[in-house]
Amino acid sequence: FCVSVERPSLTLDRVVDGMRRNEEYRKNEDMRTRYLSKAAMVLRLVAKSVRHLHKLQYIHGDVCLATCGKFDDSWKMTNIIGSRRQGEFFSPTRLGESSPPEAVELLNEMIESSRDSGRKRATFVSELEADPSIDIWCFGKLAYESFTGRKLIQFDAEKFMRNDNRALLRLLRWNESDLRVVIDHLRDAGVSNLGADLISCCLLPIPEDRPKTMDEILDHPFWKDMRRRSASSRSGNKGSKNEYVKESKQEI
């Protein structure tokens, strides 16, 4: 016998990549506003999916652009098979770019390569306890990257992720100054102060300081503010035949 798994017709990373490559999104305020509105709609659906998993006592552990897929007219989470029950431990293979700072540790050894000589070696922990704070970090990272088109932490594509010591060290040492950069990038992308507040709270370096549940995220005033802004934008541009409308229907 065989197991058949439906594949999404579109993933969020492709949508964000299209936005990143199109300079019109940066030049045209109307297009940018519409994109932010559509992205917020998808992010809210993702947040509801993660909340549902958490109510079943499961933690996803890899909520990211690539695991948000469009199936017919709905956006859903994929890669559920690697989820763990709350309190169990993720295997090292589940850890990656979406993992939070607590997923990284320093080894008691130094790097000998010429480029990173003298630095301590960082690596992913051998076990990471499944906790809602992990998915909440992942969601904050997902939202940041969806809105800005930037990587939260740039891993070297030519290296095996576990060997990218610089990226791992940056993740391990994530701090308030990094959060200030996140907020600046979000504001530059047109995200409101409420949105910047929500996302930066999800990306706090200490797990206990992040929102405790996905309900806290879904109850944040950012979502109502985004709907209000979206409605205002639609009424202000009623009758307009902007090409972005056609594009967004196809992509989102």
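Two strands count as paired if DSSP finds at least two bridges between them, with strands (E, at least two residues) and helices (H or I, at least four) taken as DSSP runs numbered from the N terminus. The model is predicted, so local features need pLDDT of at least 70 and side-chain atom pairs count only at pLDDT 80 or more, while totals for chains, interfaces and linings use all residues. Residues are numbered from 1 along each chain as its sequence is written, and side-chain values use heavy atoms, with hydrogens and water left out.

F71 sits opposite S74 of β4. Two residues lie between the strands of this hairpin, where D72 takes a positive phi near 55°. As for β4 itself (residues 74-77), W75 and M77 make up a covered face, and S74 and K76 an uncovered one.

Next comes T78, in the loop between β4 and β5 (84-85). T78 is buried, with a relative accessible area of 19%; buried means under 20%, exposed over 50% and partly exposed in between (1.4 Å probe, protein chains only). Leaving aside residues up to four places away in sequence, T78 touches H60, A66, T67, C68, G69 and F71, contact meaning heavy atoms within 4.5 Å.

Over in the helices, the axes of α6 (residues 176-188) and α7 (residues 193-202) come within 9 Å and cross at roughly 145°. Axes here are lines fitted to C-alpha atoms over the stretch in contact, with angles running from 0 to 180 degrees between N-to-C directions. L179, I183, L186 and R187 of α6 meet N193, A196, I199 and S200 of α7.
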